[in-house]
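Thanks for coming. I will take one structure and go through a few of its residues and elements.

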Amino acid sequence: MSIRRDHETTNRPAQPIYLDYQATTPTDPRVVDAMTPWFFERFGNPHSAEHKYGWDAAEAVDQARDAVAAEIGGKGRDILFTSGATESNNLAIKGAGRRRREAEGRDKIVTVASEHACVLESAARLEREGFEVVRLPIGRDGLVDLDAVEEALDERTALISVMAVNNEIGVIQPLGEIGKRARAAGAWFHTDAAQGFGKIPLDVDEMAIDLMSVSGHKIYGPKGVGALYMRRKKPKVQVEALMDGGGQEKGVRSGTLPTPLVVGLGAAARIAGREREREAERLKGLRDRLLERLEAEIDGLFLNGSREARIAGNLNVTIPGLEGQELMAALDGIAVSSGSACSSGAPGASHVLQALGLEAGKVAASIRLGLGRFTTQEEVETASDRLIETVGRLRSRRGAA
Ligand SMILES: Cc1ncc(COP(=O)(O)O)c(C=O)c1O
């Protein structure tokens, strides 16, 4: 399948090969089709309870809740819509932390050094409000140590937040094992699944997950929409709202829901659910081919993070002796990144690679390659050729200098 581009003019320069699927994904044309009527004739406000425009929109929103819930073994009524995973993470961490401190006196948050900035910054906000925050280290494989998790959890712990899949190095954390330990300690378990939802099997009951964040634009849905799964029973999770307003989304997230975006997220979740296994198999083949070529033809190149516990569509590699920035500037026709696109424009040293224990020179010499639904075998071959050739050229220029 190719990405529909019929809005483009024919004389546009060719676009670079896109290998940055952890930064964002193109919206699937099937998702756009599902969204379109909700911009036009079906434009009603889903909170209008007095006429058909509103009822239709409300029904579409509820179907989207069911679609998101179905992908994680949850119930539609446990899904809230937000503007994205950043908001969901803020709501889960600050909302649940503050609520539990107020209601039960639990004033400790446990998280991990390699989390996304919006998780770390939410935890840091609570720390400034007097919470104790524990930031667990990761091993050389990028995974959290389960004994350390167990040790950190106690009767004061309000919440433990551990991401499902890391956005830079693609490693999958042992969610079920963490959930078990959290439940035993009475701590609520939140997972930022922005990079995991629709890519790996997730089950909120099996994994004892109480809160889960989802992002539309990482799963071929639109940007600006996300979801928060919030368990309503055993335990009954409650969060303090971050915004005041009309009390939509059961009083937790005020504001008119953007029906077209919500419908798009639901459609994206449905497609991901149907295609996840087959697509992961296909991507794994492409990723393994890419890694095999890079390892064979670039001296000293190594993979960051576990080889086994990782999603199919991610590689993060270090090319010793080169600057990732320099490589990207020299790379013609391939869009890759040096790490997280989610912080701001200016790339700083990756806190994830630092947490892995890479020394500064190696952190700077790393790039992230993200493959996804529209990546083809041909693109992988071309990208491998270009990377190998560019590294060779830069290294020989260095050698000559
Ligand atoms: C792991 C992770 N969490 C959270 C986010 C933020 O998601 P959003 O862009 O939907 O706010 C991202 C990416 O941006 C991410 O990769």
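In which loop does Lys233 lie? Lys233 is in the loop between β8 (226-230) and α7 (259-297). Before going on, a word on the source: this is a predicted model, where local features need pLDDT of at least 70, side-chain atom pairs count only at pLDDT 80 or more, and totals for chains, interfaces and linings use all residues. Residues are numbered from 1 along each chain as its sequence is written, and side-chain values use heavy atoms, with hydrogens and water left out. The element names come from DSSP runs, numbered from the N terminus: helices are H or I with at least four residues, strands are E with at least two.

Back to Lys233. Lys233 counts as exposed because its relative accessibility is 59%. Here exposed means over 50% relative accessible area, buried means under 20%, and partly exposed is in between, with a 1.4 Å probe and protein chains only. The areas themselves come from the Shrake-Rupley method with a 1.4 Å probe, and for residues only the protein chains shown count as cover.

Lys233 also belongs to a positive surface patch, together with Lys75, Arg77, Lys234 and Lys250. Patches are made of residues with over 30% relative accessible area and no salt bridge; like charges are joined within 9 Å, and nonpolar side chains (Val, Leu, Ile, Met, Phe, Trp, Tyr) within 5 Å. Lys and Arg count as positive and Asp and Glu as negative, while His and the chain ends are not counted. The place of a charge is taken as NZ of Lys, CZ of Arg, CG of Asp or CD of Glu.

The peptide bond from Lys234 to Pro235 is cis, with omega near -5°. Pro235 is placed in the loop between β8 and α7. In general, most peptide bonds are trans, and most residues other than glycine have a negative phi.

Ala208 sits in the loop between β6 and β7, and at 8% relative accessibility it counts as buried. Another is Tyr220, whose phi is about 70°. Tyr220 is in the loop between β7 and β8 and is buried too, at 6% relative accessibility.

Next, helix α6, residues 175-185. Its buried residues are Leu175, Ile178, Gly179, Arg181 and Ala182. Why are they on the same side of α6? Because they cover an arc of only 170° around the axis, the arc being that of the directions from the helix axis to the C-beta atoms. Lys180 and Ala184, on the other side of α6, are exposed. An α-helix has 3.6 residues a turn, so residues three or four places apart point the same way.

Arg183 pairs with Asp210, and their closest N and O atoms are 2.7 Å apart. Arg183 is in helix α6 and Asp210 in the loop between β6 (188-192) and β7 (211-215), so the pair ties together parts 27 residues apart in sequence. Arg183 is partly exposed at 36% relative accessible area, whereas Asp210 is buried at 1%.

A second salt bridge joins Arg231 and Asp205, at 3.0 Å from N to O. This pair also links distant parts of the chain: Arg231 is in the loop between β8 and α7, Asp205 in the loop between β6 and β7, 26 residues apart. Arg231 is buried at 7% relative accessibility, and Asp205 is partly exposed at 45%.

Arg393 is partly exposed at 35%, as is Glu389 at 43%.

How values were computed. Salt bridge = Lys/Arg side-chain N within 4 Å of Asp/Glu carboxyl O.
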